[in-house]
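Me: I have a chain open here and want to go through it piece by piece. Can you take my questions as they come?

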Amino acid sequence: MPDAYIFDVEESNFQSVVVENSHKLPVLVDFWADWCQPCKSLIPILHKIAEDFAGQIVLAKVNSDQQQALVQQYGVRSLPTVKLFVSGEVVDEFTGALPESDILAMLDKYLVRESDAMLAAAVAEYEQGNIESAIAHMRQAAESDPENSRVQITYARVLLEHKQIDVLKAFIENLSSEMQALPDITAIRAQLDITAKIGEGVHAEDLLARIETNEKDCEAREQLSAFYVSQGAYAPALEQLFEIMKRDRAYNDDAGRKGLLNLFEMLGAENPLTAEYRRKMSTLLF
C-alpha cells in the first residue's frame with residue numbers, strides 16, 4: 001500500500017484529490033518539473049514522508065510543465081514549490097529542496113495524533129466542569145507524547161489557570177529544550193515569574209490604597225502589576241511597571257524595566273501593548 005496516498009494530479013482531479021481530501025487530512029501538493037534538479041532531490045523525501053505517515057497525509061504531485069493552469073492559479077513562481085492544504089485552503093508552503101526534518105516540522109502542527117484525541121476528550125471533560133479528572137487526563141496525554149506541542153501547551157495553560165504552580169514548574173523543567181523554547185511555553189514561564197511576586201493574602205484594594213497614600217511605593221506597584229497579570233489585565237500591569245521604572249530605577253535591581261521586558265516576552269512582539277510600552281521605555285532610556 002505504499003502508493004495509496006501518493007497521486008499524480010492534474011486540473012481534472014485536483015478538486016477531488018487535493019481540495020476534498022484536505023477536509024479529512026493534510027495534503028502536500030508538490031509542483032515539480034522534469035528539468036528541475038532540486039525537484040528530483042525533493043521527490044524521494046516527500047515519498048518517504050507520505051509512506052511513513054500513510055493514512056495521515058496525502059501527497060499530490062503536479063507536473064508544472066503540463067499543468068500551467070494550476071501553476072497560475074496557485075501563483076507558483078519557482079520550482080519546486082510545495083503547498084500544504086488543510087480544510088480546502090493553503091495553510092503553509094515552501095520552495096526549494098528542504099531537508100526532511102524541516103518538512104516534518106511544518107507538518108507537525110497539522111497531523112492528528114493519538115495524543116490529540118486524548119487531549120480533545122480531556123478538554124470536553126474540562127468544559128463540562130470535571131476539572132480534576134480533565135487535568136489528570138491532560139497529564140496522561142502530555143506524558144504519552146512529549147513532542148506534541150499542542151498537548152504540552154494546553155496542559156501547561158490549564159495548570160497555570162488553576163494555580164498548580166509547583167506541578168507546572170516541575171512539568172516545564174522536564175520538557176525538552178526545544179519545547180521550552182516555544183513562544184507559548186516561554187510566555188507561561190514569564191507569567192509564572194510575574195505572578196510569583198504576589199504576596200500571600202494581598203488584595204488589589206489594599207495595594208491601590210498604599211499607592212494612593214504613597215505614589216513612590218514601588219513594592220505595592222510591583223505586586224499590583226503581578227495581580228493584574230494574573231487577571232489577564234495586561235495594560236494596567238504594564239503601566240504599574242512603567243511607573244516603577246520612571247520613579248526608581250534602583251528599586252529591586254531595576255525591577256520596573258526587567259518586569260516590562262518579561263511582560264513583552266509573554267505578550268509577544270506583535271502585541272500592540274508591547275509596541276506601545278517599548279516606545280514609553282525608550283523615552284526614559286534615551
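Reply: One term before we start: a residue is buried if its relative accessible area is under 20%. Ser22 has 2%, so Ser22 is buried. Keep in mind that this is a predicted model.

Me: Where is Ser22 found?

Reply: In the loop between helix 1 (14-20) and strand 2 (27-32).

Me: And what does Ser22 touch, not counting residues up to four places away in sequence?

Reply: Val27, Phe85, Val86, Ser87 and Gly88.

Me: Which aromatic cluster has Phe85 in it?

Reply: Phe85 forms one aromatic cluster with Phe14 and Tyr74.

Me: How many aromatic pairs does a search of the whole structure find?

Reply: Six. One of them is Tyr155 with Phe171, an edge-to-face pair with 4.9 Å centre to centre and 85 degrees between the planes. The pair links distant parts of the chain, with Tyr155 in helix 7 (residues 149-161) and Phe171 in helix 8 (residues 165-173), 16 residues apart.

Me: Are Tyr155 and Phe171 buried or exposed?

Reply: Tyr155 is buried, at 4% relative accessibility. Phe171 is buried as well, with a relative accessible area of 14%.

Me: Where does Tyr251 lie?

Reply: Tyr251 is also in the loop between helix 13 (234-247) and helix 14 (255-267). Its relative accessibility is 18%, so Tyr251 counts as buried. Leaving aside neighbours within four places in sequence, Tyr251 is in contact with Cys218, Glu219, Glu222 and Ile244.

Me: How far apart are Tyr251 and Ser282?

Reply: They are 31 residues apart in sequence, and 19 Å apart in space, C-alpha to C-alpha.

Me: Peptide bonds next. What is the one from Leu79 to Pro80?

Reply: That bond is cis, with omega near -10 degrees. Pro80 sits in the loop between helix 3 (68-73) and strand 4 (81-86). Most peptide bonds are trans.

Me: Now the whole chain. What is its secondary structure?

Reply: 15 helices and five strands.

Me: What radius of gyration does the chain have?

Reply: The chain has 25 Å, while a compact globule of 286 residues would have a value near 19 Å. Along the principal axes, the C-alpha trace spans about 75 × 50 × 30 Å.

Me: How much of the chain is buried?

Reply: Buried residues are 43% of the 286. The accessible surface comes to about 15100 Å², and 50% of that belongs to carbon and sulfur atoms.

Me: What about contacts between residues at least 6 apart in sequence?

Reply: Of those, 61% join residues at least 24 apart.

Me: Last one, charges. How many positive and negative ones are there?

Reply: The chain has 26 positive and 46 negative charges, and their mean positions are 8 Å apart.

Conventions
Residues are numbered from 1 along each chain as its sequence is written. This is a predicted model: local features need pLDDT of at least 70, side-chain atom pairs count only at pLDDT 80 or more; totals for chains, interfaces and linings use all residues. Side-chain values use heavy atoms; hydrogens and water are left out. Helices (H or I, at least four residues) and strands (E, at least two) are DSSP runs, numbered from the N terminus. The radius of gyration is taken over C-alpha atoms; the globule rule is 2.2 Å times the number of residues to the power 0.38. Buried means under 20% relative accessible area, exposed over 50%, partly exposed in between (1.4 Å probe, protein chains only). Contact means heavy atoms within 4.5 Å. Accessible areas come from the Shrake-Rupley method with a 1.4 Å probe; for residues, only the protein chains shown count as cover. Lys and Arg count as positive and Asp and Glu as negative; His and the chain ends are not counted. The place of a charge is taken as NZ of Lys, CZ of Arg, CG of Asp or CD of Glu. Rings of Phe, Tyr and Trp (its six-membered ring) pair if their centres lie within 6.5 Å; planes under 30 degrees apart count as stacked, over 60 as edge-to-face and the rest as tilted.
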